[in-house]
Amino acid sequence: MNNFGLMRVAAAVPMGRVADVRTNVSQILSQMKEAEEKQVALLVFPELCVTSYTCGDLFGQNLLIEAAERGVEQIAAATASSDMAVVVGAPVRINAKLYNCAIVLKNGYVHGIVPKIYLPNYNEFYEARWFASGADFLDGCETLACITYAGSSCVCVSPNLLFKLGEATVGIEVCEDLWVPIPPSSSLALAGADIIVNLSASNEVLMKHIYRKDLVKNQSARTISAYVYCSCGYGESTQDLVFAGSSLICENGALMAENERFLMENSMIVSDIDVEKLKVLRQKETTYYSVGPDGTKSSELYHYYTHCELGDAVQTDFESSLLRYVEPHPFVPGGDEAEIDRRAREITSIQVMGLASRLRHINCKTAIIGISGGLDSTLALLIAALAFDRLGWSRDRIIGVTMPGLGTTQRTHSNAVDLMEALGITSREISIVPAVNQHFLDIEQDPSVHDVTYENSQARERTQLLMDLANKENGIVVGTGDLSELALGWATYNGDHMSMYGVNTSIPKTLVKYLVKWAAINRFAEDKAASRTAKEILLDIVDTPISPELTPADENGNIAQKTEDLVGPYELHDFFLYHFFRFGYSPSKVYFLAKKAFIGRESDSNVFVGPEGRANKYTEEDIMKWLKKFYWRFFSQQFKRSCLPDGPKVGSVTLSPRGDWRMPSDAVTALWINDLENL
């Protein structure tokens, strides 16, 4: 069974009773059974859940401490029948001191005990009244305690423990440890922990929940880790405080699951963590490993920790049920309207600043753009208009050139002409048909043969016109090609592949479409041509089939050459590109994720519904076909990316040969194709 680098984790909040170990253990065992049925590999319970957190001076009662140890032994015994690892909280007495501990259980044994370091003793907290700090065990490895506890011998006790579970390494901190300036989890992660768990008893006061959530999200982002935070809830004493069972699972800054607070029953949140992704991100981000104030490299922290082997993790059937959302359109902004607007403005502002800076730096008089009536040239024109507005230059200094060719349709031509009028730029029309026909004669190309020569001759003729016109007008050619086309090599070498500055170079096709639609509604709704508003024109462009229009239209004058019929759906290719580039996933994992994103799930709430209002847009065969096409084209077309013109980086995925992607043009694709063939 392939786990695809994933691990299922859970945070369980039992409905306990103060100092009632028997009831608390019973609730814990019940939730363990539930977690086993859900194929959870790592299950986390709250701080001091075996006794409850709010026992107060009862922690000085020997009866309670001994009952807690027996309770832990009972819980440990219940782990013997599965590979699930369980982390519970209990008070543990060592050398006549009491410690607030997280206890790791698996396969019937206690594998390690992690005592809490930072004991809050302010405001409503007074833990130092009962507990000693786990800092007692931090004076080098020679002070590592090995005790017999809950029926297990030679149990390691230290905050400096790391637990190897399957492919993941787990580190533990307890409640307040997270709230200090340098949390233990920072060092745990630098020493190799992929997953941090936090057993907590965090009470509720006004607005604390928001701050607490930000802490967990930010710490998971800063450490490039998964963070499982589990806090106690109903059943704790409400003499002075209220505990609401706040539990969170985050991954690299993203909230994966969150518990509903203030429940008066047992609750559990479950999520599938991508451990492989975390490892790849750490590997790629070379500043992850830091240097201490004394010059000590953080990579040396590994040797300060005792590494406990927990063995294999639970084999979860992720094919049947994946408990994490896979975004079908990872490049496209989501959220509410305000968030969507904010992100769209951010993206276009980066493009605008890039172009405006270049124009001013070279003291350019004009910007030359080939306007086809398609998505890419439309976005480039909108960015140019906004850049000229930003510079305080008249838009009539932008020269838009429409160049009808052998496949131009009336729809795209009208949209191109009307859009230029609506935006108030200078427009020119130069038919390339006479020049291309002469070129066919020169190279002895049969015009009835609609091959690659027929198509590329038109693309190169257009580029030549734009370049020469830019020289004549003291301007630069603004490139229109997008990131998806660069990934697939869907551009004519030294044709539309080339420009003097490419504003769309890191904007994938799905995002281009999104931005044009956003701009129509939010930025250019008031611009008008004689017959139509810019908004109407732009929305029609969004609805026009994507095509280079290099072969003749059909008998009705409609676009016959549709790009996605030839290279595949751009939403699939953008999905493939994102996961291939961003996380270095294998083709088999990309295929697995694509199926989850586009073919639906068992849970109706997680089924992707496409633009047509239905799920299951593609079959498994469709996804496999276009995924193979993606790898073949991506590898074979690197030579085009190796000589790209300048353009602004916008997102985390970009293919500039001077920046994020440096790949030999003669790299072989066999390893990646074989991975798919072996499925």
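The largest nonpolar core holds 193 residues. A nonpolar core here is a set of buried Ala, Val, Leu, Ile, Met, Phe, Trp, Tyr and Cys residues joined through side-chain atoms within 4.5 Å. Leu 43, Val 50, Ile 103 and Ile 195 touch the most other members. Helix α7, residues 375-391, supplies the largest share of this core, 12 residues. Helices (H or I, at least four residues) and strands (E, at least two) are DSSP runs, numbered from the N terminus.

This is a predicted model, in which local features need pLDDT of at least 70, side-chain atom pairs count only at pLDDT 80 or more, and totals for chains, interfaces and linings use all residues. Residues are numbered from 1 along each chain as its sequence is written, and side-chain values use heavy atoms, with hydrogens and water left out.

What does Leu 43 contact, leaving aside its neighbours within four places in sequence? Contact means heavy atoms within 4.5 Å. The partners of Leu 43 include Ala 10, Ala 12, Met 32, Val 87 and Met 268. Gln 31 is also among them.

Now step back to the whole chain. It has 19 helices and 20 strands. The C-alpha trace spans about 100 × 55 × 50 Å along its principal axes. Of the 679 residues, 56% are buried. Buried means under 20% relative accessible area, exposed means over 50%, and partly exposed lies in between (1.4 Å probe, protein chains only). Take the contacts between residues at least 6 apart in sequence: 73% of them join residues at least 24 apart.

How confident is the predictor? Its confidence in each residue is the pLDDT, from 0 to 100. The chain averages 92, and 97% of the residues score at least 70. Residues 601-614 stay under 50. For that stretch the model has 24 contacts beyond four places in sequence. Where pLDDT is low, the predicted coordinates should not be read in detail.

A search of the whole structure finds 4 cavities of 30 Å³ or more. On a 1 Å grid over the protein atoms alone, a cavity is a set of points where a 1.4 Å probe fits but cannot get out; lining residues have an atom within 4 Å of a point. Grid points are joined across faces, edges and corners, and a volume is the space filled by probe spheres set on the points.

The largest cavity has a volume of about 140 Å³. It is lined by 15 residues, and Gly 481, Leu 486, Asp 496, His 497 and Leu 644 are the closest to its centre. The lining divides into 5 nonpolar, 7 polar and 3 charged residues. In this count Ala, Val, Leu, Ile, Met, Phe, Trp, Tyr, Cys and Pro are nonpolar, Asp, Glu, Lys and Arg are charged, and the others, Gly among them, are polar.

The second largest cavity contains about 110 Å³ of space. It has 16 lining residues. Pro 14, Gly 16, Cys 49, Cys 232 and Glu 236 lie nearest its centre. Helix α1, residues 21-37, gives the most to this lining, with 3 residues. By class, the lining has 7 nonpolar, 6 polar and 3 charged residues.

Some single residues are worth a visit. Is Ser 298 buried or exposed? Ser 298 counts as buried because its relative accessibility is 5%. Ser 298 sits in the loop between α5 (275-284) and β15 (306-311). Leu 190 is 108 residues away in sequence, but the two C-alpha atoms are 6.3 Å apart. Leaving aside neighbours within four places in sequence, Ser 298 contacts Leu 190, Tyr 289 and Ser 290.

Asp 527 lies in the loop between α12 (509-522) and α13 (534-543). Its relative accessible area is 17%, so Asp 527 is buried. Beyond four places in sequence, its contacts include Arg 395, Ala 422 and Leu 423.

Thr 148 belongs to strand β6, residues 145-149. Thr 148 counts as exposed because its relative accessibility is 60%. Its C-alpha atom is separated by 9.3 Å from that of Val 110, 38 residues apart along the chain.

Two residues have a backbone angle to note. Glu 444 has a positive phi of about 60° although it is not a glycine. Glu 444 is in the loop between α9 (433-443) and α10 (452-472), and at 74% relative accessibility it counts as exposed. Asn 494 also has a positive phi of about 60° and is not a glycine. Asn 494 is in the loop between α11 (483-488) and β20 (501-502). With a relative accessible area of 45%, Asn 494 is partly exposed.

Conventions
pLDDT is the predictor's confidence in each residue, from 0 to 100. On a 1 Å grid over the protein atoms alone, a cavity is a set of points where a 1.4 Å probe fits but cannot get out, and a pocket is an open set with protein on both sides within 12 Å along at least five of seven lines; lining residues have an atom within 4 Å of a point.
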